[in-house]
Structure formats: C-alpha cells, structure tokens
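Please open the structure in your viewer and keep the sequence panel beside it. The tour below goes from one selection to the next and says what is there at each stop.

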Amino acid sequence: MKAVKIGMPLLMIIIAGVFLISSFAIPKANLGNPNGPLYFPIGLSIFMLVLSIIYLFNELKTLHEHNGKIQGLFEGRTLKLIAVTIALGVIYAFIFEPFGFLVSTIIFLGCLLFYVNGWKKWKANIIVTVSFSFITWYGFSELLGVSLP
Amino acid sequence: MDAFLQGFQIVLQPMNIFWVVIGGFLGTIVGMLPGLGPATAVAVLIPITFGMDPTSAIILMAAIYYGAMYGGSRSSILLNTPGDGSAIAATFDGYPMAQKGQAGEAMAISAVASFIGGVLAVFGFIFLAKPLANFALKFGPSEYFLLMLLTLSAIVSLSIGKMVKGFIAMALGLLISTIGIDPQTGVHRFTMDIPHLSEGIEFLIVIIGVYAVGEVFYNFLTIDKVKKEKKKVGRIWFTKEQWKRSKWPILRSAPLGFIVGVLPGAGGSIASMMSYSSEKQLSKKPEEFGEGAVEGLAAPESSNNAASVGAMIPLLTMGIPGSGTTAVMLGALIMLGVRPGPLLFENDPGIVWALINSMFIGNIALVIINVLLVGLLVKILDTPAKVLYPLIIMLAFIGTYTLSYSTADYFLLLLFGVIGLFMKIMDFPIAPLVLAIIVGGDMEQNFRMALTSSNGSFSIFFSSGISITLIVLTVLSLFYPIVINKFKKKSRNNDKEAISA
C-alpha cells in the first residue's frame, strides 16, 4: 500500500521532470518569437513539479493511514481482472485489422466475458458475445456507414 | 424568435424525434449503470453520431446527455450508487424511499421534477444566451485566456480538500494538450519522432480512456462484492400529497440550479446540494430529510437538471465547459465540426436553436421513457455488472477506432484507462484533467496571441475591466476552500458550544 501511496507522487514528479527536460529540447521556432512554443510547457512543468513535491510530502505525512481503495486493488482478483483486460486489449489491437472487426471482436469480447463473468455462465457469455458483436458491426457498418475492417 | 421557431421545426422532424427518443433511452441505460455517470455515457456513445448530419448528431448527443442525467438518478434511487456528483443528492431521500417500497413513486417524482427543472431552465437559456453571446463578442485573446484560467481554477477549487491534486491534474492535462505540432509555429513538441503523435493526443480518447475504461477498472475493485438487491417498484406514479409537498421545492430549485449551472466550475453537484440544504432549512419537517422525504428528492432533481441546461450557456456562448460532463459535450461538438463560441449564434443559429428545442422535446420524451418503461429499466439494472462492464470496454475500443481508424490509439486508450483508475484510487479529481486537455490548446494560443499583440508585455492582462474582473474572480476562487473550511470549523464549534450548553 505504501508503494502506491508514494509511487503516485513520484510518478507525477517524474512526468513533470520529463516534460521539463524535453521542453528545453523543443527546437526554436522560425516564425514569430523563437521561444514562443517553449514558455507554456516550461511554466506548466515547473508548476506541476512543485505541486508534485508538495503532494509527496503530504503523502509522507499520512503514509500509515489506511486507504480502503488501495487495499481493494490488491484484494481478490482485481489486479488480475485489470491485467487480463489490458492484455486482451493489446491482443485486440494486433488482431483487429488482420482478422476483421467481427472475428476479432468475438474473440476479444468472448475472452473478456468468460474471464469476468466466469465459465459457468458459458451460454449467456456466448449469446451476449455473438449478438453484441453482430449488433455493433451492423449498427456501425451498415446503419451509420462507418467503415470497419 | 424566428430562429427559435425554425429550431423547433427542425427538432419536430420525425427522424430527429426518433433520435431524441433513442438518445434519451440509451443515455438513461448507460447513466443508470452503477458507477458510470453522464460523462461516460456521452463518451462511450459519441461514435453513434458518426455519419449523421451535424444537427441530428447534436440533438442525439444532447438527448444522450439528458438521458444519462435521468439514468444517474435511477441508480441513486434504486441502488444508492450515484453515477456522478450531481446524482449524489438523489440518494439522500431517493434510496430511503425505495427501501420503503416507494421506488416507483420516487422515480416518477424525480422524472417530473427533472422535467420541470429542465423546461424552466430552457426559458432561462432563451433569455440569457443571446445577451451573453453578444457580451462575449467583446472578449479578446487576453480575456479568453483569463476566462479559461478562471474556469480551471474554479473547477479545481471546488474539489475541496484535493486542491493540490486538482492542480496537478490540471497541469498534466495542459501539458498533454501541448503534445503535437504547435499551430502557431509548426514546431514539433513532445512527439518523440512518433508520426502518430504529431497531430497531438485526441482528447476524446483521453475522455473515453479515463471515464469509460478507467471507471470499469475502478468498478473491478468491487465487482465480486456487489450484492444484488431486489427492489419492489410499487406504484409508478406519485400521490397528490407527495405532489403537494414537492411542487414548491421543485419550482424554487429550478432557478437556483440554473444560476449555479451558468457559473464556471460549479454545475449539477453544487446545485443539487445547495437546493437540498436550502429545502431542508425551509421545511417544516426537516427531521424527515434523509428518511425518505419526497421534497428532499424532488428539489435536487429539479435543480441538477436546471443546472445541466444552465451549463450549456457558457459552453455554447463562449466554448467554456463548466464541468467534466460538459467538457465531454464540448469534445463531442468540436468533433462534429461545431465550434461553440459567440459567433455560433451568428453563423449557425439553426444548430443552436435546434439543440435548445431538443431540450424541450428531450425532457418530454425522457419523462415518458422513465415513467412508462420503469419496469424495463429496472430489469436492465438487474443485468449483472459482470456482463455490462465487458460490453462498455468493447464500446470504448470501437469508439476509439472510429475516431482515428487506427488501432495504435488502443494503447493510448488503455494507458489513459490506467491513469483514470489510479486517479480515482488516489482521490484525484478527474474533471480538471479532462477540462484542461480540451481547453489547453486554445488557452495557450490565446495567451500567446495576447502577448504578441502587446509586444510581450503582461500589462495586456490588466488592460480592460473584464480582464481585471476575471483576475479578481480567479483569485477569489482560490480562496474559496479556505473560506469554506473556516466556515465549517466555525459551525462545528458552534455545534459543540450548543451541545455543551
């Protein structure tokens, strides 16, 4: 729990630091004020950096306080659910175009439903997967004229 | 007046009425899902508007927005889980009513209160929008920059107790908005030589990521713990006695909600809380509040719907969204090729008045949907979350694809989903991030244009009465949490003194 509590402000400090360092690498503009594109990002990253440091100290002060939400993240299968959804999303990104919308969506939604809703409800999972994939495909591609692979 | 009637004619076209009904119904369903609010509903359903003509698309979008507001109160009443801040007050007395077996009556009075609040606010809109648009024509780049600054600082200040986090979220959002080619100079910023980033990060992907994917991830925390509650709906219309108790609170709350809605950063949550507490103070039976007092539900419902119409004024006349949900609406409008601002009323009055009139028709359609289809809606709410959340995730992916026709954005979607999850877990307000990403580009351009026109002198930001007023308001908004804290401490001390006496 402590790792998440400190990790978040540290991540914000890193993000602000990366933006600040990268701001100095922005090339000078040929049009108008050569430093014009720099001011806003530099000002903001310094602002964010200062606030993130304050945030870090605030978190350090309350490090031992209980946070039910962070605890919930590590309880049961929450982390697994999130990780599997992300993994399936990445696979979906790779198969979406080569496999086409219908096949890839049936695979993605089917796997996700089986994992989230459980194997016991296999009938409902299959019916929902096939019907919703088809309805979405028909709705977007035929009714709304959106071109899908 | 002509434009108003012309707008009415557009909305009354059968196809547009059809879209109002469909949008209202879909919005109600998504808004009703526990944990998902109007912002998520609009974000997930945006792709439905693709391929439609802009007027119909906007009418549909607005119907989804109002539908989701109605839907949000359904889950507050039936499940005690508000979809967003503006639906919180509906849980105070709505849920106790449902527990007493009066769920149907509660939903009917909330639908009628929302309807009356919404319709009264539309009249307010008609009177206020045009003068405000004319006033906004006086705004130059420096005034616009300061107005955006005020909106951002107000929205951060209103997330009381989370100001540091709010400003971090805001700064992050503004920094994200600088990614891509700088429109003034053509310089690449933070693109890391990735061609896909040169156009910047599409803010709708951020919105769908943090609101839809992030919310689903967050709901995974409790997905196995949620117990199913069977609710008796009871009669689906309220009694004469309930109406007698509710009518004045409804009528009083509408103007209050409308005014709060117009103010930057405020919006539905503040409006509904304010009207709840003022009705409690005015009531002859304040002890019944929180135990299922019908006026304790009717007042905030009227107020938050009036606020959602009021929030359309700064959105349409100045292009300034006042809340996370209206920020999503702004995103949707920009995507549809409509640029909100004072000139919208001059250049495209048809769209504006069609949208406003769709509020009338939409509110009527929503009352009918919400009263007649109560049984169906309750059944949908019975659908297990474990089936609904994967469907929301699927819709989020498809929505993202239809925005750019590139699966590369799926990775950004997931990234922002994780960011949204951790922001929720660590108690960061999300609205400042979303708002900053949307207005960030304009804010920077206006800031630089103002400085260019003054040859780099910052005095331009103090050169007009409007600018100075905006600066004063921004500073005041920063002190607002301190004043509120002092006020709370004082009232706590008074309570203690009263108890010890």
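How many helices and how many strands does chain A have? Select chain A and colour it by secondary structure: in this predicted model, chain A has six helices and zero strands, so that, read from the N terminus on, its elements run α-α-α-α-α-α.

Keep chain A selected and turn to its overall dimensions. If you then colour chain A by burial, 28% of its 149 residues count as buried. Among the contacts within chain A between residues at least 6 apart in sequence, 57% join residues that are at least 24 apart.

Next, show chain B as well and select the contact between the two chains, to which chain A contributes 54 residues and chain B contributes 45 residues. On the side of chain B that touches chain A, the helices to pick out are α8 (163–177), α9 (203–220), α18 (385–404), α19 (408–425) and α20 (431–453), each of which supplies at least two residues. Which of the helices gives the most to this side of chain B? Select α18(B), which gives the most, with ten residues.

As a last stop, colour the side of chain B that touches chain A by residue type: its residues divide into 29 nonpolar, nine polar and seven charged.

Technical notes. Residues are numbered from 1 along each chain as its sequence is written. Chains are lettered from A and ligands numbered from 1 in the order in which they are written. This is a predicted model: local features need pLDDT of at least 70, side-chain atom pairs count only at pLDDT 80 or more; totals for chains, interfaces and linings use all residues. Two residues are in contact if their C-beta atoms, placed from the backbone, lie within 7 Å. Helices (H or I, at least four residues) and strands (E, at least two) are DSSP runs, numbered from the N terminus. Ala, Val, Leu, Ile, Met, Phe, Trp, Tyr, Cys and Pro count as nonpolar, Asp, Glu, Lys and Arg as charged, and the others, Gly among them, as polar. A residue is buried if 20 or more other C-beta atoms lie within 10 Å of its own, exposed if 12 or fewer, and partly exposed in between; C-beta atoms are placed from the backbone.
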